[in-house]
Amino acid sequence: MSGHGRPDLPVVIVGGLHADARRAAVARLLADVPGSVVLHHDLATAAAGTVVRTVRDATGVLSAGEAPLVNDCACCALREDLVPELERLARAGGTPLAVVELWDSVEPKAMAEVVTAGGFTVTGVITAVDPALVLPYLGNGDDLAEGGLAAAATDQRTVADTFARQLEYAPVLALADSPAADDEDRELLAQLHPTARRVPIGHGDPAGSSPLARAARAGFDVETAAAAQHPACALLPAEADAHGVATLVWHSRRPFHPERLYAALEDLTCAAARSRGRFWLADKADTLLHWDAAGGALCVESAGPWLASLPDAAWEMVPPVRRAAAALDWHPEHGDRCQHLVFTSPGLDRDGLERLLESCLLTDAEYAAGRAAWERLPSAFDTLLEV
């Protein structure tokens, strides 16, 4: 029994915009873990006001029903309906693994947190990927709504940024056997998420010990996964260059000039298939800014204060992983303030990109003028940050 007085029900979350690969991964788990059950909420009919839930095992559909929309938000309906369904399965007993198959654009982070908050143990989070589709999806700046993939009428996400988050959150990537994929595709995937365990969906093992079945029950920690995505302590890719794909890791201890950086945003955003990290603007010395770009679109937002700007007493409120990350980056004058941006792409112009980034920093004279002068620089980012 679990601490919540119900039988333990291990839950694995399988998601991804690559629907064929996702379905293949789910089918493999059903075949390899006898008695396992899949829960799926289809949001394709959400615009008409319904979310269709199916529960199935290897033999077919066990039950189907509709979950009501909540606040015109299909993802909210999924949240409200998922935990009660898992509770029903747990009470019935006899299910060795519950597979939550996410609909195309649903992101695993939110659902892993919902399932955990509901008292269940998430034993794995898997994003299914067709290696041949990584670059096309990462380069697709279309709104999800254009492809019928929006999870709500107000969904502003794009295909590229959604795919990037699905890919980078999961510690396990289930890889479809894709004849169209080449070394460049596989290298791009490896550089985008170097710490991921890449498991071929492959062939089954009814004894339940296939690589995918083992990965589904290997263990997962929601807090660790969230920390790995937070810009202050994210586990970002390292320098790499192979098979025509490169990753540039760029650091600096000097702040950006807000106007020069703003003028270079389009060129920087389009320089790589994917870029992310944290950065420091001269006129906003206390604010850690998050850089998140995919598909030719950039999202810049405040991620709270740099630790160096906080009073000592406030440090106790900060998660240990954040303090540890800051300590590794600490500078005697600037504390944890720094530029740490990572660009990954086939055909990356590393030298040109480094020159452009350096040109956006304060010049020696501007830097020497000191922080009071920096704060008087024009605030070019206020509209982007909606200050």
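Modeller: A nonpolar core is a set of buried Ala, Val, Leu, Ile, Met, Phe, Trp, Tyr and Cys residues joined through side-chain atoms within 4.5 Å. Buried means under 20% relative accessible area, exposed over 50%, and partly exposed in between, with a 1.4 Å probe and protein chains only. The model is predicted: local features need pLDDT of at least 70, side-chain atom pairs count only at pLDDT 80 or more, and totals for chains, interfaces and linings use all residues. Residues are numbered from 1 along each chain as its sequence is written, and side-chain values use heavy atoms, with hydrogens and water left out.

The largest nonpolar core has 57 residues, and Ile 13 and Leu 86 touch the most other members. The element that gives the most to this core is helix H2 (residues 74–92), with 9 residues; helices (H or I, at least four residues) and strands (E, at least two) are DSSP runs numbered from the N terminus. Contact means heavy atoms within 4.5 Å. With neighbours within four places in sequence left aside, the contacts of Ile 13 are Val 100, Leu 102, Pro 108, Met 111, Ala 112, Val 115, Val 122, Gly 124, Val 125 and Ile 126. There is also a second, separate core of 24 residues, whose members include Leu 268, Leu 289, Phe 343 and Leu 348.

Elsewhere, Ala 293 sits in strand E12 (residues 287–294). Ala 293 counts as buried because its relative accessible area is 2%. Leaving aside neighbours within four places in sequence, Ala 293 is in contact with Thr 269, Ala 273, Arg 274, Ser 275 and Leu 298.

Buried residues account for 53% of its 387 residues. Of the contacts between residues at least 6 apart in sequence, 72% join residues at least 24 apart. The radius of gyration, taken over C-alpha atoms, is compared with a globule rule of 2.2 Å times the number of residues to the power 0.38. A compact globule of 387 residues would have a value near 21 Å, so the 22 Å of the protein agrees. Along the principal axes, the C-alpha atoms fill a box of roughly 70 × 50 × 40 Å.
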